[in-house]
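User: I'd like to go through this structure and ask what backs up each label. Please set the values against the cut-offs as we go.

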Amino acid sequence: MDIFTISLQVLLQAGLSNQSSFWSFISTIIWLVIFVLLFTPYFQNYMAIMWYSYSVGNFLNSLGRLITNNVNLVINHINQLLKSNGSSQSTGKNLIEKTIQDLMEFVVIEPVSAEPTGLMRTLKLLVTSYNEKLEDSIKTLLPNVDRPLVQNVVDAVDGLRELNYIYKVIMHYYRLSNKYKNPYLMMQVYMLLPIIREYVNALNGAISTFLKGQPVGDAAGPLTAYRFMRSCSGLTELTHNVKDTYIGLCDFEGRRVYVVKARGPGGTVGNLDDGIIYLIERVGVKPRMIITVDAALKFEGEKTGSIAEGIGVAMGGIGVERFNIERTASKYGIPLYAILIKMGLPEALSAMTKDVESAVNEAVERVKRVIRENVRENEEVILIGVGNTGGVAQ
């Protein structure tokens with residue numbers, strides 16, 4: 001005999017002669033139904049989905065508004081650039097918006113990795129083609145605008161594309177969970193929301209920073225290279241055909257230092273691997289070592305602006321440029337030394353903070369110390385400033 005039958009018999013024995021007893025009986029029935037439902041697996045799944053769905057749905061709504069605001073921000077910035085540069089070409093808002101929306105939906109298909117031979121060359125081609133596609137599309141909207149300003153818009157649109165991708169992925173799992181009444185899919189998204197929200201906020205800050213042409217935290221590497229060059233003597237720029245890459249030569253206490261960084265002040269990361277290959281295989285440079293300086297994500301508990309040194313190539317991304325530099329260095333037996341400037345993700349993608357800027361000065365001194373300790377006079381060394389050089393010239 002179940003609990004419902006027992007309760008019903010008790011109520012019947014107590015009698016239902018008056019109205020108060022009747023409403024008491026109805027109230028008890030309702031509470032019994034709720035009690036039974038609370039321990040029903042289907043009802044529990046439904047309530048769990050409702051709880052997670054509410055939180056994820058609110059996040060999707062706020063992310064959608066954020067994307068719309070940033071699209072309008074980019075559109076207004078493009079119109080301002082056209083007006084300030086006296087462009088006679090009339091670019092309609094609808095055309096600009098359609099171009100940006102198309103770029104936000106633009107996809108890069110990963111190459112086949114089952115046969116790894118030539119995989120890095122294929123990845124390099126895809127990355128180069130993607131960057132050229134973005135820049136050519138923005139150039140169409142801004143035909144008479146200086147290239148650094150175009151590059152800043154390209155970086156902003158790239159950030160929009162990343163935000164749009166995050167929105168689509170979360171929406172996919174949100175709808176899938178509701179479709180199949182599966183709380184576990186929604187639960188996974190819900191548990192990741194704090195991390196995703198932090199990344200979204202960082203991208204949101206990066207878009208406006210790129211449009212303003214300000215250096216972000218990721219520019220710590222190029223800024224270190226820039227400040228090091230200013231402390232050298234006899235600085236000259238080498239003529240070459242490596243796209244978006246600056247190569248300078250200076251003298252530091254009798255050592256010949258080749259400095260490689262992305263060419264600023266437009267937002268770009270350059271082609272640093274091609275610059276290294278050019279120096280070693282075309283110019284004939286024989287460096288005693290290669291030093292890379294880059295921003296690195298810190299662990300929770302580490303201080304922003306702390307610096308770590310190590311062996312290897314300090315470079316993020318998908319690994320194409322790092323692979324090419326490592327392969328070239330191993331081919332010629334060149335030691336690799338790395339200097340990392342630690343920061344959080346929001347600090348890497350937003351306007352450079354005072355802590356990061358101060359760490360750049362310390363990184364410059366560390367570069368000098370490493371050169372003094374490992375490179376003798378009249379020897380050569382290559383310094384690479386890794387990162388987005390937006391807002392950092394040469």
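User: What makes Arg 147 and Glu 135 a salt bridge?

Analyst: The closest N and O atoms of Arg 147 and Glu 135 are 2.6 Å apart. A salt bridge needs a side-chain nitrogen of Lys or Arg within 4 Å of a carboxyl oxygen of Asp or Glu, so the pair qualifies. The pair links distant parts of the chain, with Arg 147 in helix α6 and Glu 135 in helix α5, twelve residues apart. Helices here are DSSP runs of H or I with at least four residues, strands are runs of E with at least two, and both are numbered from the N terminus. As background, side chains of opposite charge can pair when their charged atoms come close.

One thing to keep in mind: this is a predicted model, where local features need pLDDT of at least 70, side-chain atom pairs count only at pLDDT 80 or more, and totals for chains, interfaces and linings use all residues. Residues are numbered from 1 along each chain as its sequence is written, and side-chain values use heavy atoms, with hydrogens and water left out.

User: Why is Glu 135 called buried, and why is Arg 147 called partly exposed?

Analyst: Buried means under 20% relative accessible area, exposed means over 50%, and partly exposed is in between (1.4 Å probe, protein chains only). Glu 135 comes out at 8%, so it counts as buried. Arg 147 has 28%, so it is partly exposed.

User: What makes the link between Asp 244 and Arg 147 a polar contact?

Analyst: Their side chains come to 2.6 Å. A polar contact is a pair of N or O atoms within 3.5 Å; within protein, one must be able to donate a hydrogen and the other to accept it, and residues adjacent in sequence count only if both atoms are side-chain atoms. Asp 244 sits in the loop between β1 (233-237) and β2, and with 13% relative accessibility it counts as buried. Besides Arg 147, Asp 244 touches residues including Gln 151, Thr 268 and Asn 271, where a contact means heavy atoms within 4.5 Å.

User: How do you know that Tyr 246 is buried?

Analyst: Its relative accessibility is 4%, so Tyr 246 counts as buried. Tyr 246 is part of strand β2 (residues 245-252). Leaving out residues up to four places away in sequence, its contacts include Met 229, Leu 235, Val 260 and Gln 394.

User: Why is helix α8 described as largely enclosed?

Analyst: Eight of the eleven residues of α8 (residues 220-230) are buried, so the rest of the structure largely encloses it. Among the buried ones are Leu 223, Phe 228 and Met 229.

User: What makes the span of helix α12 agree with expectation?

Analyst: The expected span is 1.5 Å times one less than the number of residues. For the 21 residues of α12 (residues 354-374) that should be 30 Å, and the end C-alpha atoms are 31 Å apart, which agrees. Buried residues in α12 include Val 356, Ala 363 and Ile 371.

User: What does the salt bridge of Arg 372 and Glu 253 tie together?

Analyst: The two side chains meet at 2.9 Å, N to O. Arg 372 lies in α12 and Glu 253 in the loop between β2 and β3 (255-262), so the pair ties together parts that are 119 residues apart in sequence. Arg 372 has 39% relative accessibility and counts as partly exposed. Glu 253, also with 39%, is partly exposed too.

User: Why does the pair Lys 124 and Asp 273 count as tying parts together?

Analyst: The closest N and O atoms of Lys 124 and Asp 273 are 2.9 Å apart in a salt bridge. Lys 124 lies in helix α5 (residues 119-141) and Asp 273 in helix α9 (residues 272-283), so the pair joins parts that are 149 residues apart in sequence. Lys 124 counts as buried at 17%, and Asp 273 is buried with a relative accessible area of 0%.

User: How many salt bridges does the rule give?

Analyst: The count comes to 22.
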